[in-house]
Amino acid sequence: MNSIRSKISVLYTGILGVILVFFSIYPICTVQNILQQRGQVTLLVKAQQIGNYVDMYTITSQKDPYAATLLYHLFRGEIIKDTKTMTQLWEKEVAPLGLGNDFYRIRNIKGEIVLRSHNFTDDAERNFNIKFAKAGNTIQFSRMTINGRAFFGINYPITFSNLNTLNLQLAMPFIYAQRIVHSMIFSFICGILIILFGGIFVARYLTRRVLKPVEDVTRTANDITQKNLNLRISIKEYDKEIKELVESFNHMIGRLGNSFTYVNDFNSSISHEMKTPLSIIKGELELALDSSNTKEENERVMKDVLQEVYKLIRIIKDLLLLAEYEYKLEIFKMERMDLKEFMEGICQHSKVLAAEKNITLECLTPSQSVWIKGDPTHLRRVFFNLIHNAVKFTPSGGSIRVLTEISPTHVIVSIKDTGIGIAPQDQAKIFEKFYRIRSSSQEEIEGNGFGLSMARAIARAHKGDITFESDISQGSTFKVSLPLLLQ
């Protein structure tokens with residue numbers, strides 16, 4: 001019962017059952033009301049016919065002495081002593097009305113019983129007294145139970161010869177209507193049970209189909225290890241919500257794959273970068289343990305070791321900082337800033353660096369303010385890094401041009417130099433961590449290979465990016481694209 005499939009099946013079946021019960025009660029109540037109305041009509045017709053018979057006695061009373069006697073006593077409201085004879089006479093006259101199973105009595109204006117059916121019981125008497133206690137001389141319908149059986153009852157005033165008034169109380173069995181209602185209830189219960197029984201199988205089949213993508217996700221998740229993070233769930237003809245779940249799961253696996261790749265690359269890179277400094281430290285310390293070393297030689301060894309330790313610390317700090325740029329976006333303190341004024345300050349400070357190599361630095365910015373949302377501290381690292389690289393790879397006497405342009409949705413800052421350019425085999429790797437470009441003499445340029453990786457991570461954290469174009473001996477152009485702040 002803890003499975004989603006079981007819960008959905010029970011919920012589906014429960015809702016279906018409630019709907020079926022509701023739509024079963026409505027026709028049953030409708031049929032019951034119709035039968036009750038028909039019963040009331042039948043009762044009213046019988047009561048009217050009995051009234052007609054009473055009225056006929058005024059016509060036939062001269063021909064039938066028994067009838068004359070009955071009429072006399074009815075008119076006078078007297079009680080007939082020979083009730084058996086009068087009852088037989090009356091029932092003979094009204095036999096065509098089919099009152100054999102009915103209970104009835106006729107009372108005079110004083111409330112005394114003038115005539116009643118031969119089958120009239122104490123239970124019928126009690127029910128008539130209770131149900132028609134307040135009826136008086138008005139037509140009133142009521143339902144009652146006599147001797148354990150359901151009856152329709154009517155209180156009907158009879159007026160004849162325009163002078164005399166009697167009160168007829170008649171009860172007709174409700175058995176036929178009850179049988180119809182009970183048959184309907186039984187049929188509906190059987191039908192509902194059959195439909196619900198079939199609905200359980202339908203619900204399980206439908207939930208199995210609906211939850212199949214979830215089973216695929218579970219199966220794929222169980223099969224995924226660090227060695228096969230390339231597994232994906234194929235996007236089939238799923239429903240929209242399930243398709244979004246599958247896509248989210250695939251994206252999550254992709255992010256996990258990238259994270260594992262990052263960790264593996266990190267371990268591989270840091271092992272490679274720390275191997276050389278540690279080897280140097282190891283060798284220098286072993287040399288320092290030689291007792292024949294002079295004090296000056298030991299001091300030199302300590303200085304070399306300390307230099308390598310500083311290098312290791314710098315590498316570790318850069319790695320941690322790069323990890324924060326890529327995975328901890330909360331370190332960025334975004335604010336509304338004017339990029340035009342910001343770039344003018346960057347260029348002003350960079351001219352000092354370019355002047356040391358006799359390089360001309362030109363800065364072109366728009367005439368109006370350019371508003372973006374960014375972190376000034378980290379964006380300063382991006383542009384200083386790119387301009388520093390341009391200075392580093394541009395020979396003395398060259399030039400660097402910093403141009404700020406505005407597109408409909410972004411601002412693009414281009415740093416173009418006239419340096420040595422980037423070889424084709426290096427262009428695909430320059431954003432990789434620890435990768436350092438070699439000069440034309442195949443010597444690595446000074447640096448630890450983190451600058452461009454950090455710059456791109458910061459740009460992407462600002463929902464922008466860095467692209468570049470480069471030709472050997474012609475120079476390079478790096479473009480930083482940042483979204484404009486729409487006002």
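Guide: First the cut-off: a salt bridge here is a side-chain nitrogen of Lys or Arg within 4 Å of a carboxyl oxygen of Asp or Glu. This is a predicted model, so local features need pLDDT of at least 70 and side-chain atom pairs count only at pLDDT 80 or more, while totals for chains, interfaces and linings use all residues. Residues are numbered from 1 along each chain as its sequence is written, and side-chain values use heavy atoms, with hydrogens and water left out.

Visitor: How many salt bridges does a search of the whole structure find?
Guide: Six. One of them joins the side chains of Arg105 and Glu125, at 2.8 Å from N to O. That pair links distant parts of the chain, with Arg105 in strand β1 (residues 103–107) and Glu125 in helix α4 (residues 122–131), 20 residues apart. Helices (H or I, at least four residues) and strands (E, at least two) are DSSP runs, numbered from the N terminus.

Visitor: Are Arg105 and Glu125 buried or exposed?
Guide: Both are buried. The scale is relative accessible area: buried is under 20%, exposed is over 50%, and partly exposed is in between, using a 1.4 Å probe and protein chains only.

Visitor: Which residues are linked with them in a network?
Guide: Arg105, Arg116 and Glu125 are linked in a network of salt bridges.

Visitor: And what does Arg126 form a salt bridge with?
Guide: With Asp123, where the closest N and O atoms are 2.7 Å apart. Both sit in helix α4, three residues apart, about one turn of the helix. In general, an α-helix has 3.6 residues a turn, so residues three or four places apart point the same way. Asp123 is buried at 18% relative accessible area, whereas Arg126 is partly exposed at 46%.

Visitor: Where do Lys340 and Glu344 lie?
Guide: In helix α9 (residues 339–355), four residues apart. Lys340 counts as buried at 16% relative accessibility, and Glu344 is partly exposed at 36%.

Visitor: Switching topic: which residues are buried in α6?
Guide: Pro213, Asp216, Val217 and Thr220. They cover an arc of only 100° around the axis, which puts them on the same side of α6. The arc is that of the directions from the helix axis to the C-beta atoms.

Visitor: Which elements each supply at least two residues of its lining?
Guide: α1 (4–60), β5 (164–173) and α5 (175–210). The lining includes Leu35, Arg38, Phe152, Met172 and Tyr176.

Visitor: Last one: what's up with phi at Asn147?
Guide: Asn147 has a positive phi of about 55° although it is not a glycine. Asn147 is in the loop between β3 (140–146) and β4 (149–160), and is partly exposed at 45% relative accessible area. Asn358 also has a positive phi, near 60°. Asn358 lies in the loop between α9 and β7 (360–364), and counts as exposed at 56%.

How values were computed
1 Å grid on protein atoms, 1.4 Å probe; cavity = no way out; pocket = protein on both sides within 12 Å on 5 of 7 lines; lining within 4 Å.
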